Amino acid sequence: MKASEQWVIFMAILLVVYAAVILFFVIRGALKAKNISDFAVGNIKFPSWVVGLSLAASMTSAATFIINPGFIALYGISGVLSFGIVLPIAAFVSLIVLTKGFAKYGHSVKATTMAQWMGQRYKSKSYAFFMAVLALLLITFIVLINVGLTQVISKSLNTEPFYVLLGITVFVFGYMMFGGANSMVYTNTIQAIIMFFVALVLIGSGYEFFENGVTGFIEKLGGIDENLTKPTNTSSFLFRDYFEIILAQIIIGVAIVCQPHIITKSLLLKDSKKINKYLFSGIMFMVVFFLVVVVGLYARLTFPDLKVNGTALKMDEIIPTYVVVKFSVGLGMFIVVGLISAGLSTLESLIQSLSVTITQDILQPIFKERVSKHSVLVNKGVIVILGLVSFVLSWNQIVNPDVSVAIFAQNGVYAYFAAAFVPVLFGMFLKNVPLKAVFAASIVALVVHFGIYYGRLTSYMQEPVNNPGIPAAIAIVSSVVVGYLLYYFNKKKDDHRHVGLDS
């Protein structure tokens, strides 16, 4: 379905204004950034609640507002339970537990990236380099956001996705070459506030479906497909049983915060005593953001056969189409800007954290002073290359999607934080952890995750398209077990050695 001519004109004007506002704050922040450290963690003392909003905007992306509700439109209540309740609760608990320790140690060693934090914690430049290389898997997340943004904007402007994707790449990667952390906090705060009000509008947009209460709402879903009303959906490849919906999602939720653009956000706080305010403001906003998945149920009731004018909707198109069909021009444009904000906020954080990681933790150890003397310039070149790579991969996902770009992204992102979880966890709560324990844990996580996924191991991996959460959950548990056993036996060996010396 195409947007009206009036919609297209007003939307184009609004996007130009929105872009101008972003550029204003990018320039404002860029003027205060003098070196690569300023680009990475900023040099402005922002209020803790503002950094918290930046966290909320970064942690909830186009996946939360566009992609995940599409899964709920396909599979119903089981998806709401998994994506809207279990995953967020686990992530919030993990965020509270892990953030304080990470920020405290990060400030003490002046780490600006997650790889640096690990390298300092385990006194190993090789391990820092290894984790920095693994961070390249997060390019798949950039691809997910690019595709989500492209779908929203192309639907709103009746424009070919290719040109929209090209425009997003040039604009966003272009201004991120100069912005950095200072600019990102400004833009993320504005984006988070817009997202909050848009989330409320979206969550309330299905009020007419509740004319007969919750029971009537469930009955309407059941009239389309009974599986949509069940807590498990055996016809899906994501929500088949409680292991997949609850246990696996708890494990994923706990580990998901171990991504550079999430956990390193705490390093932007110049006073680690303000962590509680930072976490409170971030989590309060995220509670609302994660509830947006219920819009997928409204979309399914709006498009019972998932078609518009006889044309089948791709999963990633469901929510953008719902917005165009459901809302008036004025309100619809506001919502589109909110959806765009959801994507841009995380995209900015990913570009910022990943480019700094590549520059400081991959290129600088290899080329040494040739990079360190020109780190800001090199970082800009890295962003250009990231833009080119992500454009090619994003276009391929638009043209040849595997059900959803979310599966492509989850496979890469889940592998990364499965490998990063043990070093972060052990680094905060255990003393004298040997390097071999965390190195082995990271390797095990990668081997188990990709081995199960591509080897189609276990009964969960027998579908044409499979759930990356299953191998990731098993990989995380396996890495914790292996890492702790190595830590335990090494500690036991040290204890025996000390006993022998004392005697």
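Modeller: Rings of Phe, Tyr and Trp (its six-membered ring) pair if their centres lie within 6.5 Å; planes under 30 degrees apart count as stacked, over 60 as edge-to-face and the rest as tilted. This is a predicted model, in which local features need pLDDT of at least 70, side-chain atom pairs count only at pLDDT 80 or more, and totals for chains, interfaces and linings use all residues. Residues are numbered from 1 along each chain as its sequence is written, and side-chain values use heavy atoms, with hydrogens and water left out.

Colleague: How many aromatic pairs does the rule count?

Modeller: The rule is the ring-centre limit of 6.5 Å. By this rule the count is 31 aromatic pairs.

Colleague: What kind of aromatic pair do F92 and F290 form?

Modeller: The centres of F92 and F290 are 5.9 Å apart. The angle between their planes is 65°, and the pair is edge-to-face.

Colleague: How many residues apart are F92 and F290?

Modeller: Helices here are DSSP runs (H or I, at least four residues; strands are E, at least two), numbered from the N terminus. F92 is in helix α5 (residues 77-109) and F290 in helix α14 (residues 275-290). The pair links distant parts of the chain, 198 residues apart.

Colleague: Is F290 buried or exposed?

Modeller: Buried means under 20% relative accessible area, exposed over 50%, and partly exposed in between (1.4 Å probe, protein chains only). F290 has 9% relative accessibility, so F290 counts as buried.

Colleague: Why is the pair of F162 and W395 edge-to-face?

Modeller: The ring centres of F162 and W395 are 5.3 Å apart. Their planes stand at 85°, so the pair is edge-to-face, the angle being 85°.

Colleague: Which helix holds W395?

Modeller: F162 lies in helix α9 (residues 161-176). Its partner W395, 233 residues apart in sequence, lies in helix α19 (residues 375-399).

Colleague: Which residues do ring pairs link into a cluster?

Modeller: The links are ring pairs, with centres within 6.5 Å. The cluster consists of F65, F196, F197, F285 and F289.

Colleague: Where does N432 lie?

Modeller: N432 is not a glycine, yet has a positive phi of about 55°. At 69% relative accessibility, N432 counts as exposed. N432 lies in the loop between α20 (405-429) and α21 (435-455).

Colleague: What is the relative accessibility of R456?

Modeller: R456, a residue other than glycine, has a positive phi near 55°. R456 is placed in the loop between α21 and α22 (469-502). R456 counts as partly exposed because its relative accessibility is 38%.
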